[in-house]
Amino acid sequence: MQLFERLIDHAEAVRLVLEETPRLSVEHVSLMDARGLALAENLRARFDSPPFDNSAVDGYAVRSVDAREAGRTFKVVDEAPAGRPARKEVGEGEAIKIFTGGVMPEGADAVVMVENTSGWGEEFELKKPTKAGNNLRRSGEDVREGDVMLRAGTEIGAPEIALAAAQGYGELPVYRRPKVVVLSTGTELVEPGTRDLRPGEIFDSNSFALLAQALEAGADARRMHAASDEAETLRAAMQEALTTADVVVTSGGVSVGEKDLVKGTLLDLGVEQIFWGVKLKPGKPVFFGAREDARFFGLPGNPVSAMVCFELFVRLALMRMTGREDVRRLRIQVYFDEDVENKFGRMHAMRVTLERTEKGWRAESVGAQGSGLVSSLTKADALALIGPESEGLQAGEPVEAIVLREEVLLGGGA
Ligand code: AMP
Ligand code: MG
């Protein structure tokens, strides 16, 4: 079995993932299918919006010259509900009943709210004077024809869908959604919910965790049943994954043990190694490779390592493929109350809770940091990135953290 030739820094690994991951092709997809993807081109307004002057309230459209003083009586000559313009014009002393969104009739230049009149009827008395332009929504006040409404790279969420729909777009140009296949490897793995464990076995949790992370990052992701460490099974499973996916994510079998066949199998299948081994804890044996346009992440089997490596590398690749601008999660500065040791010579992505104090965000280790402790991740608000340069951190010294639960920033933290 091969040993690590050279471990690279976390920063270099990030750079390589971003540089070596291609954008996916551009597709025109229906509005709802674009949700969570990024626009591949600037989107321009096709027409002035709103397309016509219309009423902002329910009331009467009048000539403002007739409505300078309260007490005058108006004759109602027509009505203009939303979607059905009035046929008549507004003449002197006349009014047209109008509802929110109704087209402003010819002749009128203001709308009086019904609350400021004697009420609905054939005639009404004005209770409060009005001015030209009152309660009107002007054509083009939202967006103007030809304006760039949304820039390339913008992620499509509810407001963007609303704006595109308001402009009559049924489809949007986006970078296609990446297809991700998740595959756990390990002879000890049993599919949860199928049977009890025999001695030495454990349930496969990684493929579910990684699938959830891939879906959360907006991928079209699926998982395969775990493959054993037996060379032929492993090869067949990996071959299948590689032919159907833009990104294959495996867990396990990527370190230097005798049963760690993932890397060798990949190289056999024509995957070119971009890196193997990062100065990172947890996650040192992570592998990144390429075969044509497909990218391959071999993540370590320890559950925390697998999930942290997904967070640090796979997520970035998915963002890059889909052209999203926010390639990083929210990062903040945190500090610890006590000195923190780092004797590993590797960056420690430490699971921490966060608490707001007068000095900023105080981080505290969730407790034991073992890479097999699945429960520890459910307690973590953030990953504090404690660099390998230093021997660690001094109490109060600022350090960068990746926020995993943005909702803690809204409250006071843990
Ligand atoms: P490996 O990287 O294959 O040497 O695995 C490292 C550790 O992670 C071992 O204790 C494995 O049993 C465990 N492990 C590997 N794959 C999984 C998985 N899919 N789910 C949970 N634990 C796993
Ligand atoms: Mg294994």
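1. Helix α6 gives the most to the lining of the second largest pocket, with three residues. The model is a predicted one, in which local features need pLDDT of at least 70, side-chain atom pairs count only at pLDDT 80 or more, and totals for chains, interfaces and linings use all residues. Side-chain values use heavy atoms, with hydrogens and water left out. Helices (H or I, at least four residues) and strands (E, at least two) are DSSP runs, numbered from the N terminus.

2. The protein chain is divided into domain 1 (10–25 + 177–321), domain 2 (27–49 + 146–175), domain 3 (54–137) and domain 4 (331–411); the bounds come from an automatic or database domain assignment. Between the C-alpha centres of domain 3 and domain 4 there are 63 Å.

3. The second largest pocket has a volume of about 300 Å³. A pocket here is an open set of points on a 1 Å grid over the protein atoms alone, where a 1.4 Å probe fits, with protein on both sides within 12 Å along at least five of seven lines; lining residues have an atom within 4 Å of a point. Points are joined across faces, edges and corners, and the volume is the space filled by probe spheres set on them. Among the lining residues are Gln213, Glu216, Met307, Val308, Glu311, Arg329 and Arg405. Both α3 (206–216) and α6 supply at least two residues of this lining, and domain 1 and domain 4 each contribute at least three. By class, the lining has six nonpolar, one polar and four charged residues. Ala, Val, Leu, Ile, Met, Phe, Trp, Tyr, Cys and Pro count as nonpolar, Asp, Glu, Lys and Arg as charged, and the others, Gly among them, as polar.

4. The largest pocket has a volume of about 460 Å³. Its lining is made of 31 residues, with Asn206, Pro300, Gly301, Asn302 and Pro303 nearest the centre. The lining of the largest pocket has eight nonpolar, 16 polar and seven charged residues. Because domain 1 and domain 4 both give residues to the lining, the largest pocket lies between them.

5. The largest nonpolar core has 42 residues, and Val180, Phe275, Phe297, Leu299 and Phe313 have the most contacts inside it. Such a core is a set of buried Ala, Val, Leu, Ile, Met, Phe, Trp, Tyr and Cys residues joined through side-chain atoms within 4.5 Å. Helix α6 provides the largest share of this core, twelve residues. At least three residues come from each of domain 1 and domain 4. A second, separate core of 20 residues includes Val181, Ala227, Ala241 and Val262.

6. Leaving aside neighbours within four places in sequence, Phe297 is in contact (heavy atoms within 4.5 Å) with residues including Val17, Val249, Phe288, Phe313 and Ala317.

7. Val14 sits in helix α1. Is Val14 buried or exposed? Val14 is buried, with a relative accessible area of 8%; buried means under 20% relative accessible area, exposed over 50%, and partly exposed in between (1.4 Å probe, protein chains only). Not counting residues up to four places away in sequence, Val14 touches Leu312, Phe313, Leu316 and Arg328. Val14 and Ala317 are 303 residues apart in sequence and 9.2 Å apart in space, C-alpha to C-alpha.

8. The buried residues of α1 are His10, Ala13, Val14, Leu16, Val17 and Leu18. Their cover includes β20, α6 and β23.

Technical notes
Residues numbered from 1 in each chain as written. Chains lettered and ligands numbered in written order.
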